[in-house]
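Welcome! Let us walk through this structure together, one piece at a time. Please have the picture open as you read.

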Amino acid sequence: MSAALAVARQRLLGAAWGGCTAAALCRGLRTGLRRLQELAGPAAAKEAENQRVPDQSPLLLQRSSMRWDGKTYEEIPIAYIKATYNNTHIQVVSFDNRPFARTSCGTEGFQNAKKGTAIAAQTAAMAAATKARGKGVLHVRVMVKGLGPGRKAAIKGLTMGGLEIISLTDNTPIPHNGCRPRKARRM
């Protein structure tokens, strides 16, 4: 199939540079796979039909067959971690956004500046994991947002609470020079 596409591309480029013999070829290089096969001729089209393979890579095929407790990747619950400088929030929801557990450092009894520590985030994550385990959650996908000190500690707390992390995604918003930052803090 690649040989047929290469021949069709050469014909297309030759026609485009050689004075546009056909009006259809003068439209540019934006043609689909079917159009390139038609240009290559009937022999190349038969060859392409004989070599018909799925367009998916082996990695994608392998991923679709992976299961965790009978669930596909899209059906696994999600643990959202929002790590701010002053607090860390953890929420475990199902794949269709039904909540299983929600905790933060403040609800676990930490007050004031202690809410922004790694120990508080780990404790809150362990509590969220315990609540989620009570509702039958064993595997989670983790989405982390923010740059607070409880970032890594919350992930560690989820594993210590008995949840197995399948994937880890960072959703921290990064400005492309958007709003003006606040003035620098003087110490």
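A residue is called buried here when its relative accessible area is under 20%, exposed when that area is over 50%, and partly exposed in between, using a 1.4 Å probe and protein chains only. With that rule, 32% of the 187 residues of the chain count as buried. The model is a predicted one, in which local features need pLDDT of at least 70 and side-chain atom pairs count only at pLDDT 80 or more, while totals for chains, interfaces and linings use all residues. Residues are numbered from 1 along each chain as its sequence is written, and side-chain values use heavy atoms, with hydrogens and water left out.

Let us begin with the parts list. Helices (H or I, at least four residues) and strands (E, at least two) are DSSP runs, numbered from the N terminus. The chain holds six helices and five strands. Contact means heavy atoms within 4.5 Å. Of the contacts in the chain with a separation of 6 or more, 63% join residues 24 or more positions apart.

Now for the sheet. Two strands pair if DSSP finds at least two bridges between them. Five strands form an open sheet in the order β3-β2-β1-β4-β5, and the pairing is mixed. Strands β3 (99-104) and β5 stand at the edges with a single partner strand each, so one side of each has no neighbour in the sheet. Axes are lines fitted to C-alpha atoms, for helices over the stretch in contact, and angles run from 0 to 180 degrees between N-to-C directions. Ignoring direction, neighbouring strands of this sheet are turned by 15° against each other on average.

On one side, β4 pairs with strand β1 (residues 78-83) in the parallel sense over five bridges. There, Ala79 stands opposite Val142 of β4. Strand β5 (residues 164-170) also pairs with β4 in the parallel sense, over six bridges. Which residue of β5 is the bridge partner of Val142? It is Leu168. Elsewhere along this pairing, His139 stands opposite Glu164, and Val140 stands opposite Ile165.

A charge sits over a ring if NZ of Lys or CZ of Arg is within 6 Å of the ring centre and within 35 degrees of the ring normal. Arg141 lies over the face of Tyr73, at 4.9 Å from the ring centre.

What happens between β4 and β5? In α6, the residues Ala153, Ala154, Ile155, Gly157 and Leu158 are buried. Their cover includes β1, β2, α5, β4 and β5. An α-helix has 3.6 residues a turn, so residues three or four places apart point the same way. After α6 comes Gly162, with a positive phi near 105°.

The other helix to find on the sheet is α5 (residues 118-134), which lies across β2 (88-93) and β3 and runs at about 160° to β3. Helix α6 packs on the sheet too, touching β1, β2, β4 and β5, and its direction makes about 150° with that of β1. Gly134 is found in α5 and counts as exposed, at 67% relative accessibility. Gly134 and Phe100 are 34 residues apart in sequence, with their C-alpha atoms 9.2 Å apart in space.

Thr72 lies in the loop between α4 (58-65) and β1. Is Thr72 buried or exposed? Thr72 is buried, as its relative accessible area is 17%. Leaving aside residues up to four places away in sequence, Thr72 touches Met66 and Arg67. Asn112 sits in the loop between β3 and α5, where it is exposed with a relative accessible area of 66%. Its phi is near 55°, a positive value in a residue other than glycine. Asn177, in the segment after β5, likewise has a positive phi near 55°. Asn177 is exposed, with a relative accessible area of 78%.
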